[in-house]
Amino acid sequence: MPTSVRLPEEYEQRLNFLAKHTGMSKSFFIKKVIMDHIEDLEDIYLAEHRLKELHQGRDKVLNSEEFWSGLDD
């Protein structure tokens, strides 16, 4: 699915330079960065979101007994 992004001028220039000097497309590098780093971003931002939910009382921490109870069923 096509997606567009607006990059700050500095990054656009760097991406153009890289594409021009390697013969590879800008799309190649954009996809590479996303595919190589999406898992890290998920870990960071989803953890931050869960922590916010916890602090706002919309989630709770389980002790080990609560966690393991019901998993043997």
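Tutor: A salt bridge is a side-chain nitrogen of Lys or Arg within 4 Å of a carboxyl oxygen of Asp or Glu. Please keep in mind that the model before us is predicted.

Student: What makes Glu12 and Lys26 a salt bridge?

Tutor: The closest N and O atoms of Glu12 and Lys26 are 2.7 Å apart. The cut-off is 4 Å, so this pair qualifies as a salt bridge. By the same rule, the count comes to 5 salt bridges.

Student: Which parts does the pair of Glu12 and Lys26 tie together?

Tutor: Glu12 lies in helix 1 (residues 9–22) and Lys26 lies in helix 2 (residues 26–55), so the pair ties together parts that are 14 residues apart in sequence.

Student: Why is Glu12 called partly exposed?

Tutor: Its relative accessibility is 23%. Buried means under 20% and exposed means over 50%, so Glu12, at 23%, falls in between and counts as partly exposed. Lys26 has a relative accessible area of 31% and is therefore partly exposed by that reasoning.

Student: How do you know that Asp36 and Lys32 form a salt bridge?

Tutor: Their side chains meet at 2.8 Å, N to O, and the limit is 4 Å, so the name applies. Both residues lie in helix 2, 4 residues apart, about one turn of the helix. In general, an α-helix has 3.6 residues a turn, so residues three or four places apart point the same way.

Student: How exposed are Asp36 and Lys32?

Tutor: Asp36 has a relative accessible area of 43%, and Lys32 has one of 42%.

Student: What makes Arg50 and Asp59 a salt bridge?

Tutor: The N to O distance is 2.3 Å, and the cut-off is 4 Å, so Arg50 and Asp59 meet the rule. Asp59 is partly exposed, with a relative accessible area of 26%.

Student: How do you know that the span of helix 2 agrees with its number of residues?

Tutor: At 1.5 Å a residue, its 30 residues should span 44 Å, and its end C-alpha atoms are 41 Å apart, which agrees. Helix 2 also has a kink of about 50°, centred on His37.

Student: What is the reach of helix 1?

Tutor: Helix 1 has 14 residues and reaches 20 Å from its first C-alpha to its last, close to the expected 20 Å.

Student: Which residue follows helix 1, and which takes a positive phi just after helix 2?

Tutor: Gly23 follows helix 1, with a positive phi near 75°. Just after helix 2, Gly57 takes a positive phi of about 80°.

How values were computed
Residues are numbered from 1 along each chain as its sequence is written. This is a predicted model: local features need pLDDT of at least 70, side-chain atom pairs count only at pLDDT 80 or more; totals for chains, interfaces and linings use all residues. Side-chain values use heavy atoms; hydrogens and water are left out. Helices (H or I, at least four residues) and strands (E, at least two) are DSSP runs, numbered from the N terminus. Buried means under 20% relative accessible area, exposed over 50%, partly exposed in between (1.4 Å probe, protein chains only). The expected span of a helix is 1.5 Å times one less than its number of residues. The bend at a residue is the angle between axes fitted to the seven residues ending there and the seven starting there.
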